[in-house]
Amino acid sequence: MKQSEWQKSSYCQGVSNCLNLALGADGVLLLCESEDPEIVLKTTPERLRAFFLGVKAGEFDHFVT
């Protein structure tokens, strides 16, 4: 996959390590950290959407200090 296909959030300005997202084959979403791009997590848009909805709802707040 070409590096230009990866996208990071505009909120990552000035941050050394960001989460990057790309669209892979068959509509699979790929995620990696810019600090370790060799490790890639694959998921579906539906699963990522459910995760983001949980984050927005505060379901994971206890993980953040």
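A quick definition before we start: contact means heavy atoms within 4.5 Å. Among contacts in the protein chain between residues at least 6 apart in sequence, 9% join residues at least 24 apart. Keep in mind that this is a predicted model, where local features need pLDDT of at least 70 and side-chain atom pairs count only at pLDDT 80 or more, while totals for chains, interfaces and linings use all residues. Residues are numbered from 1 along each chain as its sequence is written, and side-chain values use heavy atoms, with hydrogens and water left out.

**Whole chain**

Start with a cartoon view. You'll find one helix and four strands, taken as DSSP runs numbered from the N terminus (helices are H or I, at least four residues; strands are E, at least two). Along the sequence the pattern reads β-β-β-β-α. Taken along the principal axes, the C-alpha atoms fill a box of roughly 35 × 30 × 20 Å.

The chain exposes about 5,500 Å², and carbon and sulfur atoms supply 56% of that; accessible areas come from the Shrake-Rupley method with a 1.4 Å probe, and for residues only the protein chains shown count as cover. Of the 65 residues, 20% count as buried. Here buried means under 20% relative accessible area, exposed means over 50%, and partly exposed is in between (1.4 Å probe, protein chains only).

**Strand β2: N20**

Select N20, in strand β2 (residues 19–23). Is N20 buried or exposed? Its relative accessibility is 9%, so N20 counts as buried. Show what surrounds it: leaving aside neighbours within four places in sequence, N20 is in contact with W6, Q7, K8, L30, L31, C32, E33 and S34.

Next, pick T43, which lies in strand β4. T43 is buried, at a relative accessible area of 14%. Not counting residues up to four places away in sequence, T43 touches V28, L29, L31 and L48.

Step along to T44, in the loop between β4 (36–43) and α1 (45–56). T44 is partly exposed, with a relative accessible area of 25%. What does the side chain of T44 reach? It gets to the backbone nitrogen of R47, at 3.1 Å. That is a polar contact: a pair of N or O atoms within 3.5 Å where, within protein, one must be able to donate a hydrogen and the other to accept it, and residues adjacent in sequence count only if both atoms are side-chain atoms.

**The phenylalanines**

Finish with F51, F52, F60 and F63, which ring pairs link into a cluster. Rings of Phe, Tyr and Trp (its six-membered ring) pair if their centres lie within 6.5 Å; planes under 30 degrees apart count as stacked, over 60 as edge-to-face and the rest as tilted. The count comes to three aromatic pairs. In one, the F51 and F52 rings have centres 6.0 Å apart and planes at 50 degrees, so the pair is tilted. In another, F60 and F63 have ring centres 6.4 Å apart and planes at 25 degrees, so that pair is stacked.

Colour them by accessibility: F51, found in helix α1, is partly exposed at 41%, F52 is partly exposed at 43%, F60 is partly exposed at 29%, and F63 is exposed at 62%.
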